[in-house]
Amino acid sequence: YPLVIFSISMVAVSYLLVYVVPEMVKNYQSIGQDLPEITMFIINLSKFITSWGIHILISVVALIVTITYMVRSMKRARDLYYSVVYRIPVIGRFLDLSDKYSILVTIGMLEKQGISMDMSLAIAKTGVTFSKNIESIDTSIKNIRSGNTISDSLFKNGIIDASTVGIIKSGEIGGSLSDRIIDASNIVKENLDSSFTMLATLVGPISILIVGSVILVIALGMLMP
């Protein structure tokens, strides 16, 4: 949704700067007086985009492709990228919950198939995004192999929180661990859905506000003379 809004806004702004502004400039030539600073800024921006727009577009695409390649193929670049994303409000929490939901669903399904918990966690690690959660899984595996309970290991390392640790602990005691892990994943899923709703609620108005503000500035700059 935000990507669609951003793409449409870039097309709209580019059209205004490349086609509309130069036509308006022809009318200003007959005014015979100094133009407002905001108008001059937009005129200069229009000239810059008209002259260098293709080069900028190619550079942006090349930059995106390069960053994507580095994030996928280089561990240091991937860790740096996700460490930045992790700190973004709402978005970071959403992706963190996505990781934890994926972990719980995976180990719950594998546990039901009779696969040991340490092996299940090692498999679940392949689908995790944040290096922080990968480190938590590695530490949990060591704790479990050292004889600690599964629920305590997952809780101490931040994979589960206080709302789900009791559920998984009851599964360990009652012999229904896989079912209780799935129950815990459903709780995380509810939090994930709430986080996504908040994210969508915030991104929509903010994106529209930014796009509207940019177009408003261009409109004012063209109308003020």
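Start by selecting Ser120: leaving aside neighbours within four places in sequence, Ser120 is in contact with Ile107, Leu110, Glu111 and Ile115. Contact here means heavy atoms within 4.5 Å. Before you go on, note that this is a predicted model, where local features need pLDDT of at least 70, side-chain atom pairs count only at pLDDT 80 or more, and totals for chains, interfaces and linings use all residues. Residues are numbered from 1 along each chain as its sequence is written, and side-chain values use heavy atoms, with hydrogens and water left out.

**Stop 1: around Ser120**

Ser120 sits in helix 5. Helices are DSSP runs (H or I, at least four residues), numbered from the N terminus. Is Ser120 buried or exposed? Ser120 counts as buried because its relative accessibility is 0%. The cut-offs are under 20% relative accessible area for buried, over 50% for exposed, and partly exposed in between (1.4 Å probe, protein chains only).

**Stop 2: helix 4 against helix 5**

Now show helix 4 and helix 5 together. Two packed helices are described by the angle between their axes and the distance between the axes. For this pair the angle is about 140 degrees, and the axes are 9 Å apart. That angle makes helix 4 oblique to helix 5. Axes are lines fitted to C-alpha atoms, for helices over the stretch in contact, and angles run from 0 to 180 degrees between N-to-C directions. Under 35 degrees counts as roughly parallel, over 145 as roughly antiparallel, 65 to 115 as roughly perpendicular, and the rest as oblique.

To see the contact, select Ile103, Thr106, Ile107, Leu110 and Glu111 of helix 4, then Met117, Ser120, Leu121, Ile123 and Ala124 of helix 5.

**Stop 3: the largest nonpolar core**

Next, select Ile103, Leu104, Ile107, Met117, Leu121, Leu154 and Ile168, the residues with the most contacts inside the largest nonpolar core, which has 25 residues. Such a core is a set of buried Ala, Val, Leu, Ile, Met, Phe, Trp, Tyr and Cys residues joined through side-chain atoms within 4.5 Å. At least two residues each come from helix 4 (91–112), helix 5 (117–124), helix 6 (131–145), helix 7 (150–156), helix 8 (162–174) and helix 9 (177–223). Which helix gives the most to this core? Helix 9 does, with 6 residues.

Zoom in on Ile168. Leaving aside neighbours within four places in sequence, its contacts are Leu104, Ser151, Leu154, Ile160, Leu177, Arg180, Ile181 and Ala184. A second, separate core has 8 residues, including Val13, Leu17, Ile42 and Ile43.

**Stop 4: helix 2 against helix 9**

Bring up helix 2 (residues 37–73) with helix 9: they pack at an angle of about 115 degrees, with axes 8 Å apart. The two helices are therefore roughly perpendicular to each other. Pick out Ile38, Thr39, Ile42 and Ile43 in helix 2, which meet Val217, Ile218, Gly221 and Met222 in helix 9.

Stay with Thr39, a residue of helix 2. Thr39 counts as buried because its relative accessibility is 0%. Apart from neighbours within four places in sequence, Thr39 is in contact with Tyr28, Gly221, Met222, Met224 and Pro225.

**Last stop: Val90**

Finally, select Val90 in the loop between helix 3 (75–86) and helix 4. Most residues other than glycine have a negative phi. Val90 has a positive phi of about 70 degrees, although it is not a glycine.
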